[in-house]
Amino acid sequence: MKRGTLYIVPTPIGNLADFTIRAREVLASVDMIACEDTRHTKKLLNYYKIKKPLISYEKFSEASRVNEIMGMLEKGQDVALVSDSGTPAISDPGTILISRVRSEGIRVEALPGPCAFITAICASGFDGPFRFIGFFPRQKGLAKKEFLKISLSQEMSVFYESPARILKTLQSLSETLSEREICIAREISKIHEEYIIGSVHEVLAVINRTPPRGEIVVLVKGSSQRLDVDEDLLRQRAKKLIESGYTKKDILRVLTEETLLSRNVLYRMLIDIS
Ligand code: SAM
């Protein structure tokens, strides 16, 4: 029996008109739409006069819904996956289902469409390769590691942040990177769309005056220095690790993680430390 196809369908991130003709055609043709919040998706479907059965597929029910959706695909039914906004599986549920469907050899078709961080990058005028973090980590230890990665990375760092936390995140960034250029993209494609671009301390001053509301993407330009690491500090850290009984191999592993430098570069910097 012919099996169905899983379609991954991006939906608007603000302006309801940002919905491709193909996305509409696919949603109108499938047997079932898997979505995060059925009420939210219904609004979009009503706007485009699409009537389809919905099944909820959200973060907390992801694993348990997979079998149900697999059953439909096995029976030859087509299923579309949407999220509340933007591209499914980008900081949204989807990966568990998509990887399972792929592993069973069932067809997956992803439609191109709206995605907040891609639009933010296009509009910023910032150049070069980037690393997308998703939501900025909330846990203290992970956040600290991320700040270190951002300060060392020569690539632009891109992340999602909530309006309630943006001030604190920028304050932490400004402790070490107050001159680094950043862009805050807010409410993309909505009435109050806004881009604030400048050094961290300049943007912080704006945000201190008017705390931002709505949805936010943050872009932090990469480090322009070839190496942002203080070599003396690095050597001191290596010596401490030796005193604590670490082997050279372990030290290289720890420092590679902490600094993001390659093992070869670290090896050359620390070659004379015994
Ligand atoms: N899947 C979505 C995508 O493709 O961009 C992202 C979903 S994630 C749960 C939601 C976050 O994306 C928001 O908290 C915000 O950081 C960002 N976001 C979504 N829509 C946005 C918009 N219109 N303007 C700025 N940021 C937006």
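**View 1. Pairing of strands S1 and S5 in the parallel sheet.** Four bridges join strand S1 (residues 5–8) to S5 in the parallel sense; strands here are DSSP runs of E with at least two residues, helices are DSSP runs of H or I with at least four, and both are numbered from the N terminus. Two strands are taken to pair if DSSP finds at least two bridges between them. Within S5, Ala 110 stands opposite Ile 8. The model is predicted: local features need pLDDT of at least 70, side-chain atom pairs count only at pLDDT 80 or more, and totals for chains, interfaces and linings use all residues. Residues are numbered from 1 along each chain as its sequence is written, and side-chain values use heavy atoms, with hydrogens and water left out.

**View 2. The open parallel sheet S3-S2-S4-S1-S5.** Five strands make up this sheet, with parallel pairing. Strand S3 (54–56) and strand S5 (107–110) are at the edges with a single partner strand each, so one side of each has no neighbour in the sheet. From one strand to the next, the twist averages 25°; axes are lines fitted to C-alpha atoms, for helices over the stretch in contact, and angles run from 0 to 180 degrees between N-to-C directions. Helix H2 (residues 38–47) packs on the sheet and touches strand S2 (32–35) and S3, where contact means heavy atoms within 4.5 Å. The direction of H2 makes about 150° with that of S3.

**View 3. The open mixed sheet S6-S7-S10-S8-S9.** This sheet has five strands with mixed pairing. Its edge strands, S6 (130–135) and S9 (194–199), each pair on one side only. Neighbouring strands are turned by 15° against each other on average, direction ignored. Strand S8 (residues 181–186) and strand S10 (residues 216–220) run antiparallel and are joined by five bridges; Arg 186 has Ile 216 in S10 as its bridge partner. Helix H5 (residues 116–124) lies across S6, strand S7 (156–161), S8, S9 and S10, at about 50° to S10.

**View 4. The shell around the ligand.** Of the 19 residues around the ligand, Thr 87, Ile 90, Asp 92, Tyr 160 and Ile 216 come nearest; a residue is near if one of its heavy atoms lies within 4 Å. By class, the shell has ten nonpolar, four polar and five charged residues; Ala, Val, Leu, Ile, Met, Phe, Trp, Tyr, Cys and Pro count as nonpolar, Asp, Glu, Lys and Arg as charged, and the others, Gly among them, as polar.

**View 5. Polar atoms at the ligand.** A ligand oxygen atom lies 2.6 Å from a polar side-chain atom of Tyr 160. A ligand oxygen atom is also 2.6 Å from a polar backbone atom of Ile 216. Polar contacts are pairs of N or O atoms within 3.5 Å.

How values were computed. Polar contact = N/O pair within 3.5 Å; in protein donor to acceptor, adjacent residues only side chain to side chain.
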